[in-house]
Amino acid sequence: MAPTYPDLFSCFARIGLLSFGGPAAQIALMHDELVARRGWLSEDRFLGALSFCMLLPGPEAMQLATYAGWRLRGVPGGLLAGLLFVLPGAAVILLLAGAYAAYADLAWVQAAFLGVKAAVVAIVLRALWGLSRKALRGPLHWGLAAAAFVAMYVLAVPFPLVILGAGLAGAILGPRGDPAPHAHHPGHRHLWRLLPVFGALWAAPLALAHASGAEFLTDIGLFFSKLAVVTFGGAYAVLAYMTEVVVETHGWITTDQMIDALGLAETTPGPLILVTEFVGLLAGFAQGGWPLALLAGAMTLWVTFLPCFLWIFAGAPYVDWLLGRPRLRGALSGVSAAVVGVTLNLALWFAFHVLFAATHRTPWGAWPDLATFEPLAAALLLVSAAALLVLRWAIPATLAVASLLALGVFALG
């Protein structure tokens, strides 16, 4: 028997409020709630849904929650589950962005954020280690990871092209085989109902911003719409691309603000891709104060997460068929391998900007000015790395300790 809406609300509200620690912890929490405790989904159904969500652009944990809600109560259930997964973290991000905009220029706040920045580098390095252990399973995957790193770090190839190339290489060069015998195609009738509705909803705020002459909001909406289509491999995979565009191309925020945004997003429940909301809020605040900040934050939330609902509601009937396609699995493994190289690019970029006061561009990519080395930042990075990798502390605790240590050094003068 399908759960009632009050039961569904209670379950996914709990998941949304407790979903700290990144996708692995969030998926484990959902498994405990949906499979082990309540028995609403079977083990096979849960794992199949997880595999399907990993095929999609966007945050897999949020999409898994949406799929579970859809499976249990149709589209209304999917909307309820997905919104409850996102909204608690979005509310916290709004509060954190407000505090950051008001107080970030204070000397003691900047000192605390040196600890945050150092911890962020350690967090990305830990993510890189975890990704490489799962994604690099042979020479092909190692080659794709190396090619992705060189393409982005040295040649400045755009992230979407890197992901497209890795997917094609994985599909062509990966393992082959016949489709699974049970993988029947479900047809396309439901798409004709979904696509016009979600397409109109997606385009509506962009069209309104354009029609009203709000160039900044239009640019924000278009960029984060593009990001929603190419966000394969999780938030870390697109952070380098996002940083390049919002910092270097448009100048909406600074490098330090981008690193701070990631650090604060790591402390909230919900998907890490909520960092897009933080970026939108800060960019809007810099352009026009709080009225524009709230509009920009709402725009980034809308175009980041509405597509996630579309991918699930459009693709859910195809789960068995998609998972039975060998070439599609090969493409996914190719993208996963490329994400390792992309994340290495991000880790180096963050590390250079945290550990050195100045960097410069060379024919071989960005390189720091070695004379501007920051010993305190390096010490905080080592402490954070030890806390995460050796002591296995949670991310919020690591961020808090690194910030307190930086504050202590500041207080001592």
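These entries record what I looked up in the structure.

**Entry 1. Basis**

I worked on a predicted model, in which local features need pLDDT of at least 70 and side-chain atom pairs count only at pLDDT 80 or more, whereas totals for chains, interfaces and linings use all residues. Residues are numbered from 1 along each chain as its sequence is written, and side-chain values use heavy atoms, with hydrogens and water left out.

**Entry 2. Salt bridges**

I looked up salt bridges (a side-chain nitrogen of Lys or Arg within 4 Å of a carboxyl oxygen of Asp or Glu). The structure holds four of them. Side chains of opposite charge can pair when their charged atoms come close.

I began with E33 and R14, whose side chains meet in a salt bridge at 2.1 Å, N to O. E33 belongs to helix 2 (residues 22-37) and R14 to helix 1 (residues 5-18), so this pair ties together parts that are 19 residues apart in sequence. I took helices (H or I, at least four residues) and strands (E, at least two) as DSSP runs, numbered from the N terminus.

I then checked burial, where buried means under 20% relative accessible area, exposed over 50%, and partly exposed in between (1.4 Å probe, protein chains only). E33 counts as buried at 0% relative accessibility, while R14 is partly exposed at 35%. E33 also meets R38 in a salt bridge, at 3.1 Å, N to O; R38 is partly exposed, with a relative accessible area of 30%. I noted that R14, E33, R37 and R38 are linked in a network of salt bridges.

Next I examined K117 and D260, which form a salt bridge with the closest N and O atoms 2.9 Å apart. The pair links distant parts of the chain, K117 being in helix 5 (residues 107-135) and D260 in helix 11, 143 residues apart. Both K117 and D260 are buried.

**Entry 3. Helix 11**

How many of the 11 residues of helix 11 are buried? I found nine, so the helix is largely enclosed by the rest of the structure. Among the buried residues are T255, M258, D260 and A265. For their cover I used contact, meaning heavy atoms within 4.5 Å. The cover includes helix 4 (60-103), helix 5, helix 10 (235-249), helix 12, helix 14 (326-355) and helix 16 (395-412).

**Entry 4. T268**

I located T268 in the loop between helix 11 (255-265) and helix 12 (275-315). T268 is buried, with a relative accessible area of 2%. The side chain of T268 reaches the backbone oxygen of A265 at 2.9 Å. Leaving aside residues up to four places away in sequence, I listed S19, F20, G89, V92, I93 and L96 as touching T268.

**Entry 5. Strands**

I looked up pairing, for which DSSP must find at least two bridges between two strands. Strand 1 (residues 359-362) and strand 2 (residues 365-368) run antiparallel and are joined by four bridges. T359 has P368 as its bridge partner in strand 2. A hairpin of two residues joins strand 1 to strand 2.

**Entry 6. Surface patch**

I looked up patches, made of residues with over 30% relative accessible area and no salt bridge; like charges are joined within 9 Å and nonpolar side chains (Val, Leu, Ile, Met, Phe, Trp, Tyr) within 5 Å. L161, L164, L168, I172 and L173 form a nonpolar patch on the surface, together with about 520 Å² of accessible area (Shrake-Rupley method, 1.4 Å probe; for residues, only the protein chains shown count as cover). L173 lies in helix 7 (residues 159-173) and is exposed, with a relative accessible area of 59%.

Methods: Polar contact = N/O pair within 3.5 Å; in protein donor to acceptor, adjacent residues only side chain to side chain.
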